[in-house]
Amino acid sequence: MKGLKRAASLLLALALTVCCTGTAFAATRTEDSGLTASYLTEELTDAPDIQAGAAVLMDVATGTVLYEKNADEQLYPASITKIMTALLTLEECELSDIVTFSDNAVYGTEAGSSTAGIAAGAELTVEETLYAMLLVSANEAATALAEHVSGSVEEFAALMTQRAEELGCTGTQFTNANGMPDEEHYTTAHDMALILEEALHYEAFRTIAGSKTYTIADRDTLYSEIELWNHFKMLYSTHEYYYEYAEGGKTGYTTVANSTLASFAAKDGVELLCIILNDTGSGNHYKDTEALYEWGFAQVAYATPLEGYDITASLNEEQLALYETLGCTYEGDCTLLVSAGAEALTVSFVEAADQTDGVFGYLLIQDGDETANRVPVTFDTSTEAAQSYLYPEAEAEETESEAAPETSAGQSGGVLRYVLVLATVVVVILALVLLRLRGAGRRRRTGSYRGRRRRR
């Protein structure tokens, strides 16, 4: 009977998990769509005066830094460290994987630090654990994920530092997965911008970091269900720090790091991310973030100059024939970050001088006489049409070499026929000679016989 009750309890817990948390999604990385570049026609000025010790405002699509303050100064990140922990987890795990919370994860964290109240021995999915870590900054969740991925916090921290270097970070070193104070655990505003930019390639990260609330359903390994509310206050319309364009973020605070904040926001098709380090004063990290976003959104816009563009109108008759014969293509959804209010960009085609690498030419996107960007028009060099176009001499030589064996064969056939005729003539002559010799022999024998008869 107890076994049946336990089974029923487990089934109920699973059902609650599905009902309360929704369907788990795969941790897949999205790629950038189209070509992205920046062309700022005007110098960005009149940036706000912020209180933070260091900050970076970056365009997400192009990686263009719009604003920086002490961007390369090494400072303590506090709990925005957990963005790197989330990134590595999404890269290494499936969201449905099961994470078992060890005694070290639950009891090894400093007393009084951020926690979700998860018990030792609890078994949660990676997805649930990420929600606990990113929404309420649960330190035990960060440690549990580190142990799940690498076996130990030390090994995971080494992996975090290595991954940061791969992303182009130059002033970052991690010693733990949750951002607890350590003199050897530091980063820079620019490095954290690179880390957040990479994390934003994962829809799972965007969804979790942008969620206001989440419920972890009750089960045998938990004391009760756990209701999580996001610490990032810019999401809540009733809060004084609400920002309507905010999409998600991660807060951090320790006495040595002061307030830190990593967030992302979108307005009129432009998406920006903001990193704040070493901010002091109540709520100043939110105020500084909003001020930078408002300034940034007023400075830039996205342009899609190739949208609706017809390249055939820019080609002469010969170029058009080649374009179609070679099967040329180009990236039509090119996106440019431009200065807000920039005049319309023009597009023209220029044929490439050397096309052997498969570049037929370029679409020049221009602002007056200035080239804002150029998009290659390409073709597959391995096709028969391309080979014929690129190497006509080689094709002619190949044609001649194919014809040469036929000529040689014809000559050989003529010689053979001549030899056969000559041999036939020789045979006929020999046959006639033999016949004549044979006739002469017969006449001599006949004459001899007649002489003998007369002597008798």
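Start by selecting C169: at 8% relative accessibility, C169 counts as buried, because buried means under 20% relative accessible area, exposed over 50% and partly exposed in between (1.4 Å probe, protein chains only). Before moving on, a word on the ground rules: this is a predicted model, where local features need pLDDT of at least 70, side-chain atom pairs count only at pLDDT 80 or more, and totals for chains, interfaces and linings use all residues. Residues are numbered from 1 along each chain as its sequence is written, and side-chain values use heavy atoms, with hydrogens and water left out.

Now jump to C334. With 0% relative accessibility, C334 counts as buried too. How many disulfides are there? The count is 0, where a disulfide is a pair of cysteine sulfur atoms within 2.5 Å.

Next, pick T125. You'll find T125 in strand β5, which covers residues 123–125 (strands are DSSP runs of E, at least two residues, numbered from the N terminus). Is T125 buried or exposed? T125 is buried, because its relative accessibility is 18%. Leaving out residues up to four places away in sequence, T125 touches L95, S96, D97, I98 and V99; a contact means heavy atoms within 4.5 Å.

Finally, colour by pLDDT, the predictor's confidence in each residue, from 0 to 100. The protein averages 86, and 81% of the residues score at least 70. Select residues 1–25: pLDDT is below 50 there, and this stretch has 21 contacts in the model beyond near neighbours in sequence.

Terms used:
Helix = DSSP H or I, 4+ residues; strand = E, 2+ residues; numbered from the N terminus.
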